[in-house]
Amino acid sequence: MSDTLLSAQDVSKDFAFGRSLLDVVKGAPIKAVHALNGVSLDVKRGETLGIVGESGCGKSTLARCLVRLHDCDGGRVVYDGTDIATLSGADRRAFNTKVQMIFQDPYSSLNPRMTVRQILSEALRVHNMRPKVEIDARIAELLDLVRLPQDAADRLPHAFSGGQRQRIGIARALAVEPEVLVADELVSALDVSVQAQVVNLLLELQDRLSLTVVFVAHDLRLVRHISHRVAVMYLGKVVEVAPTETLFKAPKHPYTQALLAAAPEVDPTRRTRRVAAKGELPSPINLPSGCLFHTRCPHAFDRCVSDVPQLTPRRPGHVAACHLPDPELP
Amino acid sequence: MTEPILSVRNLTATFGQGASALRAVNEVSFDVMPGEVLGLVGESGSGKSVTLRSLLRLLPVGGHVGGSVSWHGKDIVRMTDAELRAVRGGQISMIFQEPMTALNPVLPVRVQIEENLRAHTQLDRKGRNARAKELMDLVGIPDSARRLDEFPHQFSGGMRQRVMIAIALASDPKLLLADEPTTALDVTIQDQILNLILDLRDELAMSVVLVTHDLGVVAATCDRMAVMYAGRIVEEGDVTQVFAQPRHAYTRGLLGSIPQAGTERSMLLSIDGTPPGLAAIPQGCAFNPRCDFATDICRRTRPHLTGDGHRAACHNSDAVIAAGSPVKKALSHV
Amino acid sequence: MTVMSVSRLRRLPRAFVFGAAILIASVIVATFPSAFAPYDPLAMDYVNLLAPPSAAHPFGTDNFGRDVLSRVIHAYTIDMQIALFATLFPFIFGTIVGAIVGYVGGVTESIFGRVVDAVITFPFLVLVIAIVSVLGPGLINMYIAIGVVGWVFYARIIAAEVKVQKRLDYADAGRAMGYTHARIVFRHLLPNAITPAVVYWMTDMALAILLGSSLGYLGLGAQPPAAEWGVQIADGKNFMATAWWISVFPGFAIVLTGLGFSLLGDGLAEILRGRK
């Protein structure tokens, strides 16, 4: 596919526990959290891809692999035809300017001892984005872009509210003029009314700057609102990918169905009193066999325990990893 | 007309003394009816959690509760410590957002449940034992006999919240106060816990006051709701009524801030600015600097809650009503 | 403007103001001792041996008839130098090593941990005395001895703090920006990690004066006839019963300066914590 800009190909990532000397001597097996278990996903130029899932599904780890904050243990991340693990030196820095990340926590993602001007000018200088004389003008432009007042430049992060800090984070990412923005839970730490402001800003910037956005979040309503396509993750695997409309109207994976049913509707006249998914998330240290969701799935049958389901096409652009062709909504 | 089981009048919560005193809760009045789920909604700093804690005078040192909270003919605000202890964790129980910090990490769950049973029931040792297991079954913890002897850290987040609820139910409360009970949980687990709370409400004929910032949770669980802003209730009414026709500009803005099906990739109806700090609450209507409907009177005079059943404290209620509900709009769009 | 700075001064912790006042005075005295000392600290006066405190000699004289006040004042020069030079190298070197160890982690950190254990196992004073004995007495060798041991404490503090800071998102944001490791460590993490080390530095300067005086007392630091508080106390040790003033006044000077550094450290900790 020519319009694929960034893709994860069978990416896996483990986080090993520390082993004591005794464990090594005894030859105890290395225990690890299997955060990603073979994730394949394409991000197309100009689209917003939503990645949704509950805590522990690996969505944040995947986001960090996409910008190479983590190196993958297996598989590869390809940007514009190049495996990003092979980049070094100037090429790696160039990649960093093309694929930028915005972080979840507005309080820890900014250096508390640097003013907004220092934060932005550092990004501009290190990557030689602008000649020295134009840096102040560019900072003013960036502040304008994220709708912060000009006098914000010389203040420290603690002078700002959570929503404003996220704008500073966005401005920092935009300073290096990226093509792709990976937003990890961009608004989940913010109040509802402020969330809407930041979401609006992101939508507007994407149009204006023709950005490709990977929007990682646990909030289904937000993901639905902002994404062209959505990928659903469970225990380090992508279980379903589809255009947003299709995914929310006709989900094909039982986990997606449960997730959608569990999310409370903002309409008090459409209440249900049925529990959407039984049980809890299995341990990511000892993963279930076969389909990872079989321990909670209402449709599980023997094949789900033994065989790992692959992502198979359901409709144009719609893939799901379920042995059943069309599981009925319970 | 049934009588409310809890009647709150002019409740205030103040921190500090004299000129530097801050009012986190200001002249809040509401009733809780038998068997109903009342939602207290607001953003951070709105005073919703402090309101809930004030009902049982559970404020940190330096906090002072004023007004009245009448419970079975008695005013909790004026109760002696001994009377208060009988009510706390007895007739009125409370559950919290983060069960890991609300539970004692060094005691097995059994001890923590039985502790409450000893304080609020006449059961003997054997009876307490049996009741503890019963409670664990009631809140849906599988393998309850074995899990009673485990420690809080051995439970998952959802299971811990169930344990919290089991402890809260030990004393057969008539009112459950829930402070963001599902905020720390995943959506499928949140769904389980909310359904559990509703089931228990039905089975045990309790009332519930649920504090949350999530309007989705309110829509899914509450009968009535009160929206708080800068320490005051700005709108109160039946959940269906409020969602269908908000009368306060802030409520309308909140509803519009939530993405709705059918409006994908459109601009959300956001509210400008951020909620005010307690030390700098604006004159007149506290919401006026962020309000699209604000007029001169909003900057001068604080509006009072008016209306019958569905009440709102907004000078321009009519304009807000005329603008319609953002939720309704989205629904008609589908 | 003046009004504002006065009111800002008032808001500073009292400990900080007192500590700073003591130390500023100490630095002035140390820089211009001759302006304050009534006599030459080395001038002997055989007529006035072991004279008790009087109007002419407020702190009395020692067994060579030297004016104790003048010697205490001139000793400020050496002792304030000790406070600075004995701690500056450990502070800088320890900070750099600690920052790298904390950032890199892994095996480097384990090795560093063993070095720390090895150093901490010995009592500090014993270790320093051993090193000075090998190198020979004198101020320079004393600085070297303290430096060889002292950096470990700074490195340990900084390493722990950098480890905390590097887990915060702004460190990852720097990496995602493509910044070099050196920039992330020294431009981003270190300024946020250095506070406890600076506070410790203040305390350490007080300790350095004590240590310098102890070594001077033992004859391993500053050498007689130089005016140094430890040397002075040693001078007076044989006359404690008859001429207490020879030892007691330098002792007071040590206590006062040490108090200044401690107060400044406490106040600084309060200010820097408050800012977070």
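Which residues of chain C does UniProt list for "domain: ABC transmembrane type-1"? The unreviewed entry gives residues 76-265 of chain C. The close-ups below all come from a predicted model.

**View 1. The annotated domain of chain C, end to end.** Residues 76-265 of chain C, the span UniProt lists for the domain (unreviewed entry), are 83% helix and 0% strand.

View 2. Residues 140-159 of chain C are 100% helix and 0% strand, with end C-alpha atoms 28 Å apart. For residues 242-265 of chain C, the figures are 88% helix, 0% strand and 38 Å between the end C-alpha atoms.

View 3. α10(C) runs over residues 195-217, 23 residues in total. From first C-alpha to last it reaches 33 Å, close to the 33 Å expected at 1.5 Å a residue. Since 18 of its 23 residues are buried, α10(C) is largely enclosed by the rest of the structure. Just past α10(C) comes Gly219(C), with a positive phi of about 85°.

**View 4. Where chain A meets chain C.** Here 21 residues of chain A are in contact with 13 residues of chain C. On the chain A side, α3 (89-98), β6 (99-102) and α4 (116-126) each give two or more residues. The largest share, 4 residues, comes from α3(A). Sorted by class, this side of chain A has 9 nonpolar, 7 polar and 5 charged residues.

Terms used:
Residues numbered from 1 in each chain as written. Chains lettered and ligands numbered in written order. Predicted model: local features only at pLDDT ≥ 70, side-chain atom pairs only at ≥ 80, totals over all residues. Contact = placed C-beta atoms within 7 Å. Nonpolar A, V, L, I, M, F, W, Y, C, P; charged D, E, K, R; others polar. UniProt positions renumbered as here; feature names shortened; annotations may be inferred. Expected span 1.5 Å × (residues − 1). Buried ≥ 20, exposed ≤ 12 C-beta atoms within 10 Å, placed from the backbone.
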